[in-house]
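Open the model in your viewer and keep the selection panel at hand. The tour below goes from one selection to the next.

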Amino acid sequence: MAAASRISSLLSRSLASSTSSSLLSRGRIGGVGRSVVCGYTTTDAALEKPITPSVKVSCTKLLINGDYVDSASGKTFPTYDPRTGDVIAHVAEGDAEDVNRAVSAARKAFDQGPWPKMTAYERSRVLFKFADLIDQHTEELATLETWDNGKPYEQAAKVELPMISRLIRYYAGWADKIHGLTVPADSPHLVQTIHEPIGVAGQIIPWNFPLLMFAWKVAPALACGNTVVIKTAEQTPLSALYAAKLLHEAGIPAGVVNVVSGYGPTAGAALASHMQVDKLAFTGSTETGKIVLQLAAKSNLKPVTLELGGKSPFIVCKDADVDKAVELAHFALFFNQGQCCCAGSRTYVHESVYDEFLEKAKARALKRSVGDPFVAGIEQGPQIDSEQFEKIMKYIRSGVESGATLETGGERLGDKGYYIQPTVFSNVNENMLIAKDEIFGPVQSILKFKDIGEVIRRANMTSYGLAAGVFTQDIDTANTLTRALKVGTVWVNCYDVFDAAIPFGGYKMSGQGREKGIHCLSNYLQVKAVVTPLKDPAWI
Amino acid sequence: MAARRISSLLTCSLSASSSVSSSLLSSIGKSSGRYASVKRFSNAAALEDLVVPPVQISYTQHLIDGKFVDAASGKTFPTYDPRSGEVIARVAEGDAEDINRAVAAAREAFDEGPWPKMTPYERSRILLRFADLVEKHSEELAALETWNNGKPHEQATKSELPLLVRLFHYYAGWADKIHGLTVPADGPHHVQTLHEPIGVAGQIIPWNFPLLMFAWKVGPALACGNTIVLKTAEQTPLTALYVAKLFQEAGLPPGVLNVVSGYGPSAGAALASHMDVDKVAFTGSTDTGKIVLESAARSNLKPVTLELGGKSPFIVCEDADVDQAVELAHFALFFNQGQCCCAGSRTYVHERIYDEFIEKAKARALRRIVGDPFKNGVEQGPQIDTEQFEKVLRYIRSGKESKATLECGGDRLGTKGYFIQPTVFSNVTDDMLIAQDEIFGPVQSILKFKDIDEVIRRANTTRYGLAAGVFTKNIDTANTLTRALRVGTVWVNCFDVFDAAIPFGGYKMSGIGREKGIYSLHNYLQVKAVVTPLKNPAWL
């Protein structure tokens, strides 16, 4: 259970025994051989006949005040299967009026209760029950997630779903441990701080990890006693609607969690600028994050947490075991089709191991199995939609035009859906767009460096500061890099370890605030100082 | 020690003397022995003959990189004596270019050191030495503060300067106690969090407590290892320059603290939107706070702390001792010429004691001693400037026009400077402007209420949420109100207790974040998670 909860657990375990095919080894653990799928160039046939998902889409309406309802306008929008571009379902399309209705339900559930007036223990019981129901419904949820998002089913079922129930249990455990402080006074006063729920939390989540982001947002907010209006990404509305149903089965009172499907400029903007929303948490692009924060500033100054883009360096030092470093760097970039805000998208390799690294990184990318994400053993499914697909292809062209060496990949795969070949560029430098912008796709950029001082400077030369990978056996190098890198997470000799207790978030333009761990609680709490004079105190 | 709290003189006298209704007068007067020489506000003769401030103005240039320098443009602006409206001095006027230079100095002092590379203990020693120097120069500083701001000199000397020193001692003590966490992992990983300085902090402070606001901002930022560009209010540039000089004497390296005088739309805006500033803290009006946050959002997403306006309720319950409640409510509103963001500016009085309260509140206001703030025993000096003066008088007219009952005051006092009579309105209702807007002047608005639920609802019907006063002997009433009021500070049977360890800040549109106490540290720290795999761990 515990081991399965970490995205990289399969990887790191396999690193200890075998090296360069760890994600493939997941296929073995799943009981399905690697024979079904081979390297990416031979999978075109597998893309022709997509597997029919074994789940019915039952929840497509907005969830407001405990009921599934049509949108106020009656409008719907299509959500697609990224394997084919075919419509999966039509989903109620939320707009300002739907957000209004959801906010007033959340407002009522907060102001009149019952949610913040229940004991913290009762709230934790609901969350524990919810986690159990997630575990019971892992198959349906993982299937929906893969169908709507295109991520490998094994990844969804064996890694992400267990992480979700684990995170919910983590915050369920926090619910009755939110302590205020008694505060030393300078005079005869009793001073205490009360940590109160902040109120109605507006939450806007992205499409790359729809359920996981739902959990990161909803669990701490609920544990702290808040009510929620969550807007899902228009690309992936399905799994959150299903999970919210389970939350109601677990006993969450009506109005405490409201789910609105819809687009950013309409539903998202209405939520960010709503005068009755007390807090906003957003995960998405830096550009949109800036708009969200401006809307909050212009409306009611609701505090905002932002988890935004990244261009995270992955630094392979000269003392690194090249095989392990190659595998980890590959994983850091290609995981989830490269659609991770913390993707290790600038692979800095020390000049003394550069050539060997390059050769092996290329070989590893060539071995990556791309195909129908429902097929066991598949490491990479399609990109999320045609917009992202086109954007990535544009960056690949830009890499070629700017004189980087295309080592492998660079083309789409098949002629249906949004598959892209695992792509590796070498001889990349910092002036190139592919080394500056967030590509959000399976495109690895490899850069050469000479010494630590130089790589620190280059790694920090970005407006982003989300994460970094450091690969070295030398404790001094590890400590120097760890302190010097201006990023919210440093993974030393590992990557994408996402335990519930580890805070995640960005320096610089990668965001504000931290999610997960104890640090996330403060996003959903207000601090109230209470002061009373003491008469004849025994001590001060 | 007792003198370190703004309200200490008040509360001491409340418990000791039986003549409760003149505590500020009696205790201040008695301790100085000269209170009899000043009469109540209707006698304006004392305003004609102003005391010459016993201090020289030595610092009027910007402090950038350890040196006092002229503005890049060579421009200066006048700063005034609020007692007379006469110019005290001309001060270098900072604009975008001066901010650029100050940020570059702060950037270098942060990126190259020495500040963040010194040990926390060395940093704490410098803060402690600074506090000692402030103590030594209390007289000059208090005189300068009163001259530039108009606040009673005794208040500056006996309350504010000791508070300033105490706050620096407090944060000096934090410098070497900023612990990260080691974090329980879900697998064989060693997880730790580092709490790092955030970088260059931009700080914009107001004119109502120039030195105290300097301390609230600079103390925690320096303790956490950051460097600073501080912009003072254009009304009160003098004292911050003086103490910044003391900081250099205490051994603060050049560039660590830079002080730029100037206006909000030029220097302030340049700081808030600067791409090399990593954090902004602002204290001022809600309207300006929104602009500051938008500037941060549009530029580099620097995190912002805001301490903004208020319309804080002061609730006198039916079981209250009326005499004590009158005195405390008077203090809560009139302190510092009513120029406090947390002023108790909506005095809610239970209907059963309403008539008695009005009569006594009026009598107390009539006894309030207004005059030259350099004279001992004076409780109230002039408002800060002509703009604020006109604004306050406009609100007084608005109160009359909206049919509130003017119990006393309502006019200017004397013919020179910005003195206003202590003004009391009764029969105020929630829909009047004087009950909705922040007046920031000596105007008390008294409202009647019937029961607790009603007063909770009415007290919370405001966009502000900074503070509240609760006056009751009943523990259930106190607990109910304490939880229900949506404000950052609840003072129960006291007001304006500002101990260093008590967090201060707003709910709703009164701000984002907390200052003072342990909470202010978060404003100046980034959290970095560091994760490493464990080989054969003895335990997990």
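How many residues does the contact take from chain B and from chain A? Select residues with heavy atoms within 4.5 Å across the two chains: the contact takes 67 from chain B and 69 from chain A. This is a predicted model, in which local features need pLDDT of at least 70 and side-chain atom pairs count only at pLDDT 80 or more, while totals for chains, interfaces and linings use all residues. Residues are numbered from 1 along each chain as its sequence is written, chains are lettered from A in the order in which they are written, and side-chain values use heavy atoms, without hydrogens and water.

The buried area (accessible area, 1.4 Å probe, lost on putting the two parts together, summed over both) is about 5400 Å², and carbon and sulfur atoms give 59% of it. Next, select Asp186(B), Leu301(B) and Lys528(B): together they supply 14% of the area that chain B buries against chain A, more than any other three residues.

The interface has 5 salt bridges (Lys or Arg side-chain nitrogen within 4 Å of an Asp or Glu carboxyl oxygen).

Finish on Val490(A), whose bridge partner in E20(B) is Val530(B).

Methods. Pairing = 2+ DSSP bridges. Helix = DSSP H or I, 4+ residues; strand = E, 2+ residues; numbered from the N terminus.
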